Amino acid sequence: MRRKITYIIISVCMLLVIGGCSEKEVAPVIKDKNIVGKEDNKQEQYNKSKEEKVDNREENGVEEENIEKEIIEVKTIVIDPGHSSVGNFEKEQISPDSIKMKPKDVLGATGDYTKVPEYKTTVSIGSLLKEELESKGYNVIMTKTEESESLSNIDRATIANESKADLVVRIHADSSEDHSVKGASALIPVKNQYTDNICEASKNYGEQIINTYTNELNIKNRGTISRDDMTGFNWSKVPVVILEMGFLSNKEEDNFISNTENHERIAKAISKGIYKCFE
Ligand SMILES: [Zn+2]
């Protein structure tokens with residue numbers, strides 16, 4: 001009987017010991033499995049994030065290259081809205097070293113039918129042109145933004161020269177005593193000792209702008225006209241074009257150009273010509 005009890009006690013103890021050991025052995029395996037699992041996940045996540053980082057770096061690399069490319073290719077356009085509400089009749093040299101003088105900022109034309117002064121229209125269209133060009137990534141500098149702001153023609157040229165503009169577009173409208181005269185033209189510098197470096201580019205840009213502008217708006221195309229008497233041309237070191245948008249002395253053109261409702265369309269037509277210059 002004692003042997004039996006002793007046997008039973010020993011058996012129970014052994015079972016407990018075995019049970020305990022097996023529990024201890026099983027537990028780490030499960031634990032290890034979890035750890036391995038987690039590490040696998042971690043490894044996967046690490047690899048994944050590394051790949052993502054590489055991808056991002058590649059994308060960023062491409063982006064950086066593009067930004068660099070864009071910066072290199074960004075064109076600077078100076079928009080010069082003609083005239084002002086006050087004008088300036090002091091005189092300035094028509095060209096460097098010249099004895100010829102011209103008023104600094106003459107008053108522009110006024111619509112014969114609408115009675116809207118040219119300076120209102122040039123500032124309005126110039127501002128809209130700026131917005132349009134900037135929406136396409138151009139760097140735009142305005143010589144003036146207020147109707148009352150009066151700048152001399154040398155001042156206007158100096159702003160463009162200092163900004164190293166790729167192109168200066170000077171916004172104007174024509175006038176004639178003959179009300180039947182109509183159409184738009186692009187004035188460009190004649191080849192002389194001051195404009196030698198800019199006359200060819202100015203001619204090319206002037207042609208693009210006037211052809212596109214007149215096509216877009218169905219206005220008569222008077223072409224490019226070379227001038228040697230423009231102070232703003234003779235002092236310019238960068239390509240420059242004066243766009244005469246039409247005649248404020250012609251009923252049809254005055255009604256179209258002086259009406260602010262058409263200014264966005266007109267600005268877009270000018271911008272399309274500018275885009276063509278740099279295609
Ligand atoms: Zn003008």
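1. Helices (H or I, at least four residues) and strands (E, at least two) are DSSP runs, numbered from the N terminus. The model is predicted: local features need pLDDT of at least 70, side-chain atom pairs count only at pLDDT 80 or more, and totals for chains, interfaces and linings use all residues. Residues are numbered from 1 along each chain as its sequence is written, and side-chain values use heavy atoms, with hydrogens and water left out.

2. Asn234 sits in helix α5 (residues 231-234). With a relative accessible area of 4%, Asn234 is buried (under 20% relative accessible area; 1.4 Å probe, protein chains only). Its side chain makes a polar contact of 3.1 Å with that of Asn192 (a pair of N or O atoms within 3.5 Å; within protein, one must be able to donate a hydrogen and the other to accept it, and residues adjacent in sequence count only if both atoms are side-chain atoms).

3. The zinc ion has as protein donors His83 (NE2), Glu118 (OE) and His172 (ND1), lying 2.1 Å from it. Donors are N, O and S atoms within 2.8 Å of the metal (3.2 Å for Na, K and Ca); water is not among the atoms, so sites may look incomplete. Along the chain, the donor spacing is H-x34-E-x53-H. His83 lies in the loop between β1 (76-81) and β2 (88-93) and His172 in strand β5 (residues 167-174), so the pair ties together parts 89 residues apart in sequence.

4. Both histidines are covered in the model: His83 is buried at 9% relative accessibility, and His172 is buried at 10%.

Definitions and conventions: Buried < 20%, exposed > 50% of the residue type's maximum accessible area, 1.4 Å probe, protein only.
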